[in-house]
Amino acid sequence: MSVASIDVPRWEGPLPSRDEVAKMIDHSLLRPELSLAEVQDGLATALEHRTASVCVRPADVPMAVDALRGSEVAVGTVVGFPHGSSTTRAKIFEATELISLGAEEIDMVINIGRLRDGDAAFVQDEIAAVVEAAEGRLVKVIFENAYLDDQQKTAGYRAAENAGAVFVKTSTGFAPGGATAADIALMRRTVSSGVRVKAAGGVRTLDALLELHRLGATRFGATATAAILDDLEGRRNGKPAATSAADSLMGDY
């Protein structure tokens with residue numbers, strides 16, 4: 001599925017450089033139906049635009065490592081994706097194997113049902129176990145905010161910080177909703193400055209990215225990488241804002 005694109009007004013503030021925006025993007029290649037050729041094309045896109053990372057399906061990690069070797073683009077992947085309902089031992093094994101294959105960043109999905117039950121201690125312990133398995137690699141914790149109320153969200157964000165996660169992240173892109181301005185603001189004011197915020201799900205335009213960045217997000221999961229960066233370059237050169245940057249996209253995660 002594809003969540004709705006975030007609808008925000010045209011950005012009227014200062015424009016960052018192309019490199020600054022590229023270094024906020026995790027170029028996402030997580031759709032289950034992507035062929036190897038499509039993944040290779042996506043890796044080439046990330047390499048061309050020098051994004052912060054790519055986020056690939058677990059089976060694609062070796063290919064991504066080979067394609068990006070020697071570049072500044074980190075190889076990221078997912079654990080417990082997309083539902084978060086695998087066992088803690090399975091998540092630990094998955095993280096350990098993916099790190100051994102060369103993954104540098106791990107985006108893990110929490111056990112959503114346990115957090116909705118009020119069992120933040122379970123969630124914290126599971127995140128801590130994956131953080132330990134990652135052996136110092138960057139761990140981003142996906143909460144799937146569309147299924148949670150604000151009390152559950154804040155309990156989860158605090159659990160992630162206590163467990164040693166580097167990022168809290170809004171969503172997988174497989175739930176009914178993705179990133180929202182309200183959730184980014186809530187995440188930013190809940191965790192300390194030592195924990196960063198990642199927006200994913202619906203970030204398909206430059207305006208959405210810049211507005212969520214203003215609210216505190218510093219990483220963005222997106223498939224619209226090229227369109228976002230081309231729009232930025234066009235605006236910096238005096239061209240009008242793009243109005244249909246994501247018309248042909250398959251969705252973002």
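A residue counts as buried when its relative accessible area is under 20%. Keep that cut-off in mind for these views of a predicted model.

**View 1. N111 sits in the loop between β4 and α5 (112-116).** With a relative accessible area of 15%, N111 falls under the 20% limit, so this residue is buried. Its side chain reaches the backbone nitrogen of R114 at 3.0 Å. Look beyond the neighbours within four places in sequence, and you will find N111 in contact with G84, K91, F122, V123 and E126.

**View 2. Eight strands close into a barrel.** From one strand to the next, the twist averages 25°. Strand β1 (residues 25-29) and strand β8 (residues 217-222) run parallel and are joined by three bridges. Here D26 stands opposite G221 in β8.

**View 3. Helix α6 lies across two strands, β4 and β5.** The helix covers residues 120-133, while the strands are 105-109 for β4 and 138-142 for β5. Helix α6 runs at about 160° to β4.

**View 4. Helix α10 packs through its buried residues.** These are T225, I228, L229, D231, L232, G234 and R235. Their packing partners are α1 (18-22), β1, α2 (36-49), α9 (206-215) and β8. The twelve residues of α10 (residues 225-236) should span 16 Å at 1.5 Å a residue, and the end C-alpha atoms agree with this because they are 17 Å apart. Just after α10 comes G238, which takes a positive phi of about 90°.

Notes:
Residues are numbered from 1 along each chain as its sequence is written. This is a predicted model: local features need pLDDT of at least 70, side-chain atom pairs count only at pLDDT 80 or more; totals for chains, interfaces and linings use all residues. Side-chain values use heavy atoms; hydrogens and water are left out. Two strands pair if DSSP finds at least two bridges between them. Helices (H or I, at least four residues) and strands (E, at least two) are DSSP runs, numbered from the N terminus. Axes are lines fitted to C-alpha atoms, for helices over the stretch in contact, and angles run from 0 to 180 degrees between N-to-C directions. Contact means heavy atoms within 4.5 Å. The expected span of a helix is 1.5 Å times one less than its number of residues. Buried means under 20% relative accessible area, exposed over 50%, partly exposed in between (1.4 Å probe, protein chains only). A polar contact is a pair of N or O atoms within 3.5 Å; within protein, one must be able to donate a hydrogen and the other to accept it, and residues adjacent in sequence count only if both atoms are side-chain atoms.
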